[in-house]
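Good morning, and thank you for the time.

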Amino acid sequence: MEYINYQTQNQWQGPASQQSPIDIVLEQTTPRPLADQPLTVSFVGDQALTRDPRSSGDQFIGAGTLTLGNHHYHFLRLHFHDHSEHLFDGQRQDAEVHFVYQDDQGQTLVLAMLGIRAADGEAGFDFAPVINGQAGAAYLNQFFANNQGYFNYTGSLTTPPLSPDVTWVVLDAVHPFSSGSLALIHDLFANNYRAPQPITVPVYHYYESGK
């Protein structure tokens, strides 16, 4: 399998609409109560996720659902980025996981989880069983808590064809990833991240007040 070359990303041609990823600057986002648009994530199945090599990067296929407000989506696949694609206040994190969903009308939603190396003595999220074919989709439930805040905007896919009108849900917390997970992601998907794109749309921050 020949993967896309991130060294030539400046030559990628996408639609004129908002592209992804972006640098999310907290002070420039619009705050909204999480209760206005709660996020619920669930995965099902104990059979190992199916690894599907694609030019855009290896995909891991499973089953699950996501509800954003009253809008329902079906989980299709996930993939990994060595270093984060989205930035928080100009800071790039160690990794980013994209959970790709689709609704009944074929509209795409991507949930992004940014990760940083776990502190010494901290276990961190371990994605190695997912990558190594030892975990089913239900294994992913442990990484999602109730009432998680997130950023929300409309952008694009981050690999060609850079398709537009993608709903992005970027969790607002940076999660600890195990050192083994980060090493494996780097070995398999080294430096597969797109540079941040100019922002032309509103970015909303849904969170619980007091948190």
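How do the residues of the lining of the second largest pocket divide into nonpolar, polar and charged? They divide into 7 nonpolar, 5 polar and 1 charged. Here Ala, Val, Leu, Ile, Met, Phe, Trp, Tyr, Cys and Pro count as nonpolar, Asp, Glu, Lys and Arg as charged, and the others, Gly among them, as polar.

Two remarks on the source. This is a predicted model, in which local features need pLDDT of at least 70 and side-chain atom pairs count only at pLDDT 80 or more, while totals for chains, interfaces and linings use all residues. Residues are numbered from 1 along each chain as its sequence is written, and side-chain values use heavy atoms, with hydrogens and water left out.

To the pockets. A pocket is an open set of points on a 1 Å grid over the protein atoms alone, where a 1.4 Å probe fits, with protein on both sides within 12 Å along at least five of seven lines; lining residues have an atom within 4 Å of a point. A volume is the space filled by probe spheres set on the points.

The second largest pocket has a volume of about 180 Å³. Of its 13 lining residues, Leu39, Thr40, Ala145, Asn146 and Asn147 are the closest to its centre.

The largest pocket has a volume of about 230 Å³. It is lined by 15 residues, with Ser56, Arg77, His79, Leu157 and Thr159 nearest its centre. Strand 7 and strand 9 (95-102) each give two or more residues to this lining, and strand 7 has the largest share, 3 residues. Strands are DSSP runs of E with at least two residues, and helices are runs of H or I with at least four, numbered from the N terminus.

Now the serines. Ser84 lies in the loop between strand 7 (71-82) and strand 8 (87-88). Because its relative accessibility is 0%, Ser84 counts as buried, the cut-off being under 20% relative accessible area with a 1.4 Å probe, protein chains only. Its side chain reaches the backbone nitrogen of Gln93 at 2.8 Å.

Ser181 is placed in helix 2 (residues 179-189). Ser181 is also buried, at 0%. A polar atom of its side chain lies 2.7 Å from the backbone nitrogen of Phe127. The side chains of Ser181 and Ser178 make a polar contact at 2.7 Å, that is, N or O atoms within 3.5 Å, one able to donate a hydrogen and the other to accept it; residues adjacent in sequence count only if both atoms are side-chain atoms.

Note on methods:
Buried means under 20% relative accessible area, exposed over 50%, partly exposed in between (1.4 Å probe, protein chains only).
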